[in-house]
Amino acid sequence: MRLLNYLGLAMENTALFLLIGILPWLAVAGVMQLLSSSLRRSLAKILGLRGYLYLTCPGVMIHEIGHAFFCVIFRHRIVELKLFAPEADGTLGYVRHTCNPKSLYQRIGNFFIGTGPIWFGIGVLCLFSWLLLPADIWTNHSFRAVMGNFFSAAFWGRWQSYVWLYLALTTASHITLSPPDLVGSVDGGIALLTTALLAFLALGWCGEWENRVMEFLWRVFLSSCGVLSFVVMLLLLFSLVGKVIAGAGGRG
């Protein structure tokens, strides 16, 4: 009976790990995927497909570097890397990589490599914002305050604002995952959950460590909410403005 209780507690903690440590991030990633896809459609309608592709090529490169970055972290061998290579089938760039299927660490890497453009794109978007935006916009996450700053004459009187707008638009429009990205991340997700289960089985012998892990994951997510809300706010703003401009162009 004690063994069953012990196994049940480990499975319960693994489920909590999924609920607290993974699902909130995937939910945020899903929202960004929808907003970025909407932004891409609007920009393609405004600029034409060819114009959109070449104008936003830095965003494609950042997307592919996001895959490659996690390939390096998880020790995958990069076979071929094309940062920007538009093809007739819709492919804009790609990273071909191989790993040792017997390595649990490298299999976990498939999850982060597949979803890498979202996490890396968030980081790059935040870096551009930190370098180029006034501090009151970057540190204030009130929707009304941010919108007030964006539509102020002082904001658009700075050359940095135009550089930021271009870089943010190109980056944000490619914070998306293709079907191959999603498929590639499934195996890594299964390996990640398996590792979590084994870890909680081990931690069950170490007192209250599993509770400390959960508390740490929750604090990490809460501390990141400000940055995540800022990024989602930007994507929402870009998406809405893009739809309005594309709609006006269509009526014209």
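Let me begin with the largest pocket of what is, please keep in mind, a predicted model: 25 residues line this pocket, and those that lie nearest its centre are Glu64, His67, Gly93, Ser178 and Asp181. Two or more lining residues come from each of the elements α3 (57–73), β2 (94–98), α4 (104–114) and α10 (179–203). If we sort the lining of the largest pocket by class, we find 13 polar residues, seven nonpolar and five charged, and the space in this pocket comes to about 580 Å³.

Turning now to the second largest pocket, we have about 370 Å³ of space, lined by 19 residues, of which Leu165, Leu169, Phe238, Val241 and Ile245 are the closest to the centre. Here the elements that contribute two or more residues to the lining are α1 (2–47), α9 and α11 (209–251). And which classes make up the lining of the second largest pocket? It divides into 16 nonpolar residues and three polar ones, with no charged residue.

Since α9 belongs to that list of contributing elements, let me finish with this helix, which runs over residues 159–172 and so has its 14 residues spanning 20 Å from the first C-alpha to the last, close to the 20 Å expected at 1.5 Å a residue. As for burial, the buried residues of α9 are Ser161, Trp164 and Ala168, together with Thr170, Thr171 and Ala172.

Note on methods. Residues numbered from 1 in each chain as written. Predicted model: local features only at pLDDT ≥ 70, side-chain atom pairs only at ≥ 80, totals over all residues. Heavy atoms only, no water. Helix = DSSP H or I, 4+ residues; strand = E, 2+ residues; numbered from the N terminus. Buried < 20%, exposed > 50% of the residue type's maximum accessible area, 1.4 Å probe, protein only. 1 Å grid on protein atoms, 1.4 Å probe; cavity = no way out; pocket = protein on both sides within 12 Å on 5 of 7 lines; lining within 4 Å. Points joined across faces, edges and corners; volume = space filled by probe spheres on them. Nonpolar A, V, L, I, M, F, W, Y, C, P; charged D, E, K, R; others polar.
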